[in-house]
Amino acid sequence: MHGGVIAKAIEELTGKVDRIDVIYICSNQAIAEQNIKSLNVIGSATKPLNTRLTLLPLEIGQKGGIASRPINLISLTPGTALDLKSSLGTAKERALLYEMLRKRLGIRHGGVQRVFRGGVTAANWPGWTDWMRRQKVSEEIFQKFNAAVGDEFVQRIRAASELARSKKKPDYPADQRPAVIIGELRRVLARICVDALTPDLIVLDEFQRFAELLHEHDEERAPEKAAAAELARALFSYSGPDGSTARLLLLSATPYRMLTLNSDDPEEGNHYSDFLRTMRFLFGEEDGAIRVEELEKELSLFRRALQAMPETKSVARIQRDRVQHILSQVVSRTERVDSTDDRNALIREFRPQLAIETGDLKEAKAVAHVAELVSAPGIVEYWKSSPYLLNFMRGYKLREKLQAVKLRPAKELRKAIRAAAPHFISKKQVEGYEEIAIRNGRMRALAESVFRYGLDRALWIPPSRPSFGVPVPATKTLVFSDWSMVPDAIAAILSHDASRRMSMTSDLVSRTSRPIGIEEMMPMLCPSPSLAAWVDPLALERRFGRAATYDQLMSHARAALAERIDPEALSRLAKRSGRLLPITLEAEVGQGIDWSKVSAFEHDAHDEHGAMARTIEAISGALDGDDHVSDLDVSDIYNKLAEFALGSPAICALRALARLCPELSLDDPALAGAAITIALGFRSLYNQPESRALLEETSPINYWRQITSHAARNDLAAVLDEYLHLILESERAELFDAADRAHLIAAKVVEVVALRPAQITLDHWTAGRSRLQNQTFEVRARFAMRFATNAEEEKGVRRTTLVQAAFKSPFRPFVLASTSIGQEGLDFHPYCARVAHWNLPRNPVDIEQREGRVHRFKNHAVRRNVAAEFGRFALECEDGVPPWVGMFEAAQNQESAQGRTGDIVPYWLYPGDAKIERMVLIPPFSREVERYENLKKSLATYRLAFGQPRQDDLIELFSTFRSDVLAELADLQISLRPSKAGSFPIDAALGS
C-alpha cells in the first residue's frame with residue numbers, strides 16, 4: 001500500500017518540482033527495517049535512506065547525496081527525528097554539532113569536549129571529531145544553524161565548558177547541563193533540517209504509536225511534548241518557496257484506541273476522545289472543529305437508532321450512511337471480515353483441552369512455599385503460564401527476593417529450596433539431552449501442536465505446492481503471552497525437546513564441534529546448469545504427470561537423464577571421476593560455467609574467510625583433475641545423479657534463481673555465484689550438531705550424499721521456489737538488474753539459513769549450609785525462539801531483525817514467542833498461520849491485532865489454498881513467469897471473470913481448507929473460560945460501536961439481542977471501504 005501511494009505521488013510530481021522527497025515515519029527501528037524496502041518503487045538508484053533528521057546535513061552535502069538526486073526516500077522514527085527531549089543523542093550527532101560550532105566557540109581544551117562527548121571516552125572522542133571534519137556538511141544548513149544559535153547560547157556553552165574543565169564533578173546550572181544544551185541544539189538543527197528536506201509526501205505508518213505528535217500540548221505542563229509536536233507540525237505543514245505543500249498520509253489499522261471497556265485504566269486512553277481528536281486532525285485546522293461537531297451529532301443519532309433496534313432498522317441505515325459519508329472524506333478502511341462469505345476472515349478457532357496433572361500441582365505447591373518464605377507475590381498466574389518457574393523468573397520479584405537472602409537464608413527457606421529441587425531443570429539434563437517432563441497444561445498442548453507432522457525432525461516447513469505427493473498442512477506458530485518469562489520458557493523447553501527428538505547426545509556435541517569443510521562438501525556446493533535443466537521437477541510434471549510419491553519422482557528423473565546421457569559414456573565417466581561425478585559430468589557432457597568469471601559474493605555471512613573463493617578453487621581443481629578413484633556402483637549411477645539433481649542445495653538454488661532472473665541463462669556466472677552463496681549457507685545449516693544427528697552423519701567425506709538425499713526427499717526444490725519468490729516481492733528485488741537481484745536474494749537466504757541458535761539463560765538454585773547458590777547455565781534455542789528487543793548484533797545486523805526474518809522463512813525457528821512487543825506493526829506471516837493466545841487479552845481489538853501479524857499479504861494459509869486450487873497453472877506459465885506468479889495471476893483472473901475486483905481476494909484471503917488458526921490456551925476451572933466467551937461476543941459486535949462514547953454499554957446491550965437481530969446489526973456496520981472496489985482514494989490521501 002505504501003508503495004502504491006508513493007508511486008502515484010512520484011507520477012504526479014515528476015516534472016513539477018526540482019526534487020521529490022518522500023518521508024516515511026514509523027514508530028521504531030524494527031518496523032522501519034521491515035517496511036523500508038516497500039518504499040523503493042523506482043529501483044536500486046533510489047535506495048531508501050534510513051537516518052536521523054539531525055544527520056541530514058551529512059546526507060545532503062556529500063557527493064551523490066540528497067541534493068543531487070531527483071527522488072529521495074527517507075525513513076525516520078519519531079524518537080530520533082521529532083521527540084528529541086533533553087537528551088544527548090548519538091556520538092555522530094554531537095560530533096556534527098560540535099563541528100558546526102567549533103570556530104565560534106574558539107575553545108580547544110577538554111572542558112568543551114566533555115560537554116559534547118557524552119558517554120564517549122576522552123581517548124575516543126578525537127576520532128569522532130577528526131572523522132567529522134573530513135565530511136562534507138551542507139553549507140546552507142551550516143549557515144542557517146549558526147544564524148539560529150545566538151551569541152548568548154554560545155556563551156552558555158563556554159560557561160559550561162569552563163565548569164567541566166575546572167571541576168571533576170561540576171554542579172552545572174540547570175541551563176548549562178550538557179543534556180539540556182545538546183537537546184536544545186538538536187531541536188534547532190532539526191527545525192532547519194525540516195526545511196532542507198522539502199518534503200512532498202509524508203507517510204506516517206502505525207501512527208497511533210506516536211499520536212501525541214499530532215496534537216497541541218500545554219508548553220508549561222508538558223514542554224517536551226509541546227516541542228516535539230511543534231516540530232512535527234512544522235514538518236507536516238511544510239510549504240515550499242514555490243507554494244507547494246507537503247501531502248500527508250496516515251496509515252494504521254488501529255488509528256486510535258479502538259475500544260474502551262469500563263474496566264480499562266483511564267490513563268491508557270479513551271476511545272471516544274482519541275477518535276474525535278484524530279478526526280479533528282484529519283479534517284484540518286480550518287474546519288476541523290465544525291466537521292467534528294457535525295460528526296458527533298450524526299453518531300449520536302446513529303446510536304439511538306441502534307439502541308431501538310429492530311424497529312428502527314431503516315432509520316439506522318440512513319444514519320449509518322451519513323456517518324460513512326463524513327468519515328470517507330478522510331478515512332479509508334477495508335475490513336477482511338467483509339471479504340469472506342462466512343464473515344470469519346479465514347479464521348478457525350482451535351481450543352485444545354488442557355489438563356492439570358499431579359506433577360503440575362506439586363511444583364505449584366513447592367514454588368508457592370518458597371515465594372511465601374521470601375514474601376514474594378503469589379505465583380498462581382505465573383504457574384498457570386510456565387513450568388519450572390524458578391528457572392525462568394528473571395526480572396520478577398521472586399528472583400529478586402531470593403537474591404537478597406542468598407547470604408543469610410533461614411533454615412526453613414533452605415529446606416524449601418531443597419524440596420523444590422525436582423522442579424528445576426538441571427544443567428545435567430540439558431547437557432545430556434535427557435527428557436524434561438513438561439509440567440504445564442499450556443506447554444503440553446503447544447508441544448503436541450508444534451511437533452505434529454514431523455516438525456520435531458524437520459529442518460524446514462514443507463512446501464505449499466510440493467513436487468510430489470500431497471501437501472503437508474504444517475505451519476509455524478506465533479505465541480503471545482502477558483508474561484516475559486513465557487518466551488524464554490517456550491524457547492528453552494521446546495528447543496531442548498526437539499534436539500532430543502533429533503537424536504542429539506552429549507557425545508555428538510563434542511564430535512560435531514568441528515565443521516565439515518568445503519572440500520568434503522564440495523559436490524553439494526557445485527551448481528550444475530545441465531542437471532538443473534534436465535531434472536527440473538516442474539518440467540518432469542509437465543511431461544510425465546504429477547508424481548504421487550518420491551520414488552515415482554525419482555523414476556521420472558532417471559528417465560529424463562537416460563535420454564540425455566549415454567549409459568556407456570556415463571559408465572566411463574563414473575569410473576574416472578568417482579564422488580566428483582556431478583562436477584565432471586558438467587565439464588564432459590553439460591553446458592558448463594566459466595568459473596573464471598564467477599566472482600566472490602561479499603555477503604558471505606556465514607564464513608568470513610573466503611568460503612566462496614575456496615569453493616570456486618576446489619570446483620575448478622576438480623574439473624581439471626582426472627585421477628579420482630570411483631566409489632560409485634555404475635548400475636546405480638542414474639539414481640545417484642537424479643537424487644543429486646533434486647537435492648543439491650546449489651542446483652536447487654540455481655534453478656529457483658533462474659526462474660526469478662529470466663534474463664540470465666542457467667550457466668551465467670552471476671547466477672552460479674548466487675547459487676554457491678546459498679549452498680554455503682546450507683553448509684552452515686547442515687553443520688549444526690542437530691542436523692548432523694538427524695542425518696546420522698558418520699563420515700565427513702560422504703556426508704554430502706546424506707545431505708542431498710535428505711534435501712531431495714524433503715523437496716528442497718519446491719521449498720526454494722516458494723521462498724525465493726517471497727523474498728523477491730518483500731525486497732522489491734524485481735527493480736534491480738538480474739545479477740544484483742540474484743545476489744540480493746542469496747544474501748537474504750544466507751541470513752536466515754545460517755542463523756546461529758539463541759542462548760537462553762536458566763537459573764538453578766541450591767541450598768548450602770549457610771547460603772543459597774544460583775548456578776546459571778544456557779540452553780540452545782533454535783526450534784523455538786523468543787522475540788526480544790535487545791540490542792544484540794550478529795554480523796553487524798540487529799539480532800531481532802534476523803530472528804524475525806528467520807521466522808518469516810521456511811527454516812527454523814518454527815515457534816516464535818513474544819510479549820505485546822510483537823503485537824503491532826510487525827509481519828510474521830509468510831510461513832505462520834497459527835497464533836496461540838497464551839493469555840487472553842482484555843480487549844477484543846488485541847486479539848485482532850495479534851492475528852493480524854499473520855493475516856497478511858500472501859500469507860501461509862492463502863498460499864496453500866491458492867496452490868490447491870491453481871497449482872496446475874505453475875506448469876502453464878509463459879517463459880519468464882515464475883510458477884507462483886502464474887498461480888496467483890490465475891486466481892486473480894478467476895476473481896475478475898466473476899466480476900469481483902480488488903486484491904483482498906486472492907492475495908489476503910482465499911477460501912480453502914487452510915485457515916488462520918486461533919489457538920486459545922485456557923486452563924480448566926479458570927475464570928478465563930467465561931471471559932473468553934464474553935470476548936468473542938464483543939469481537940463480533942464491537943465494530944458497531946465504532947466512534948461511540950460508552951462503548952461497553954452499547955456492546956452489553958447488543959449481547960441481549962436475539963440472534964436474528966444480531967444478524968441484522970451486522971449489515972449496519974460502518975464501512976469505509978473505498979468507493980471503487982480495489983482502489984485507494986489517492987487524491988484524498990494526498991490531500992494536505
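Modeller: A residue is called exposed when its relative accessible area is over 50%, and buried when that area is under 20%. Please keep in mind that this is a predicted model.

Biologist: Where does E285 sit, then?

Modeller: E285 is in the loop that runs between α12 (271–283) and α13 (288–307).

Biologist: And is E285 buried or exposed?

Modeller: E285 is exposed, because its relative accessible area is 76%.

Biologist: Which residues form the negative surface patch?

Modeller: E285 is one of them; the patch also contains E216, E286 and D287.

Biologist: Changing topic: which helix holds G681?

Modeller: G681 belongs to helix α32, which covers residues 669–687.

Biologist: Why does G681 count as buried?

Modeller: Its relative accessibility is 0%, so G681 falls under the 20% limit for buried residues.

Biologist: How far apart are G681 and V752 in space?

Modeller: Their C-alpha atoms are 8.6 Å apart, while 71 residues separate G681 and V752 in sequence.

Biologist: Now the whole protein. How many helices and strands are there?

Modeller: The protein has 45 helices and 17 strands. Of its 992 residues, 58% are buried.

Biologist: What share of the contacts join residues at least 24 apart?

Modeller: Counting contacts between residues at least 6 apart in sequence, the share is 78%.

Biologist: And what is the accessible surface of the protein?

Modeller: The accessible surface is about 41800 Å², and carbon and sulfur atoms account for 49% of that area.

How values were computed
Residues numbered from 1 in each chain as written. Predicted model: local features only at pLDDT ≥ 70, side-chain atom pairs only at ≥ 80, totals over all residues. Heavy atoms only, no water. Helix = DSSP H or I, 4+ residues; strand = E, 2+ residues; numbered from the N terminus. Buried < 20%, exposed > 50% of the residue type's maximum accessible area, 1.4 Å probe, protein only. Contact = heavy atoms within 4.5 Å. Areas by Shrake-Rupley, 256 points an atom, 1.4 Å probe, with all protein chains shown as cover. Patch = residues over 30% accessible without salt bridge, like charges linked within 9 Å, V, L, I, M, F, W, Y side chains within 5 Å. Salt bridge = Lys/Arg side-chain N within 4 Å of Asp/Glu carboxyl O. Lys, Arg positive; Asp, Glu negative; His and termini not counted. Charge placed at Lys NZ, Arg CZ, Asp CG, Glu CD.
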